[in-house]
Each structure stands twice: as structure tokens, then as C-alpha cells.
Amino acid sequence: MKNLLLLIIALVTVNVSMAQTQVGSVTLPNSLSFSGDDLVLNGAGIRKKAMILKLYSGGLYLPKKSSDAKSIINADESMAIRLVITSGFVSSDAMKEAVEEGFDASMGGDTSSLKSEIQKFIKFFNDEIVEDDTFDITYQKGKGVVAYKNGKELGTIPGMKFKKALFGIWMGNDPVDSKLKKAMLGN
């Protein structure tokens, strides 16, 4: 009986650990679901600044795994990026500035065509940001970009053009962090 109990505990522990991935100090689920679409963790990594300061752990979730950044950016299918804040240095103002810089890099310095959408997205970071806050930046096919903070919906921005620019922040030719991009692509 004792051996059976130990076997059951071992199996439950293995199943729970297989359903999650450790990324630095953060545990990311291996799957997420938004609007009925099941997504799998494609890859995950840590966003660092100045090579030593760990700002957040991030994971890319797709319907099926892919290492092709360009096809991910251009795909009109549901996907998500989960960001879990791991540093007190990530304030609301710092996040807004980073997002603005990210769009600038993603769009080759000309953000004028998406100015109102970018300003709306940046407002999603108005409230105080603290360690362990979780942002889910999703693209839901037929709906657009839907952002969440700690499970609470912040708003929706329609349009593939905006989705491409947004996911280009992490997956584009000039990503926010090339090591994070590589990790999110599963490399």
C-alpha cells in the first residue's frame, strides 16, 4: 500500500511538472487558452537590460510550434506573449517608454500609420506595475489584439497591421532582445 501511494504521488508530481516550464524565477504554463483557442508554449526566455538586470520572463504561445519569426508575425491565427515582471525597475513609465521604443524599432522608425493604436496600447500600462504582475498580449483571430493584466482584460485593438507591428517588437528584425527572441522561437 505504501509503495502504491508513493507511485501515485510520483506520477502526479511528474504530470504537474510537465505542464509547466521554469524560466528564471518564473514558472510558465505549457499551454494557455484564449477565446476557446488552445495555445502551446513555443519557447520562453528572460528579458535582460545591460546583460545583468532581469526585467521579465516571457513566453510565446502558438497553435503549433514554429521557429519562423516572419511567419509568426504574419500569421492571422491566435497567439499570445506572456510577460511576467521580475524586477522592481519595471515601472509603468518604464514599460510605456519600452513599448514606444519597441514599436519604433518594429516599424523601422515610422509609427505614424498606427499612432492612435499605439497610444491606446500604451495606456494599458497606466496602472502601477509591480513584480509578479503578468501581462498576456494576445492576438485573437477575428477580434484583434486583446491585452490582459493579471487575468483582467485591458482592451482590444483590431487589425492585422497593428498585430504585426506589436509581435514585431519581440519577433522582428530589430527585436527588443535578440536572446529572448531566439528563446521564444524555441532555439
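Student: How many salt bridges does a search of the whole structure find?

Tutor: This is a predicted model, where local features need pLDDT of at least 70, side-chain atom pairs count only at pLDDT 80 or more, and totals for chains, interfaces and linings use all residues. Residues are numbered from 1 along each chain as its sequence is written, and side-chain values use heavy atoms, with hydrogens and water left out. A salt bridge is a side-chain nitrogen of Lys or Arg within 4 Å of a carboxyl oxygen of Asp or Glu. Searching the whole structure on that basis gives three.

Student: Which residue meets Asp177 in a salt bridge?

Tutor: The N to O distance in this bridge is 3.8 Å, and the partner of Asp177 is Arg47. Asp177 lies in the loop between α5 (160-171) and α6 (178-184) and its partner in strand β4 (residues 37-49), so the pair ties together parts 130 residues apart in sequence. Helices (H or I, at least four residues) and strands (E, at least two) are DSSP runs, numbered from the N terminus. The residue asked for is Arg47.

Student: Is Asp136 buried or exposed?

Tutor: Buried means under 20% relative accessible area, exposed over 50%, and partly exposed in between (1.4 Å probe, protein chains only). Asp136 has 5% relative accessibility, so Asp136 counts as buried.

Student: How far apart are the closest N and O atoms of Asp133 and Lys149?

Tutor: Asp133 is in the loop between α4 and β7, and Lys149 is in strand β8 (residues 144-149). Both Asp133 and Lys149 are buried. Their salt bridge has its closest N and O atoms apart by 3.6 Å.
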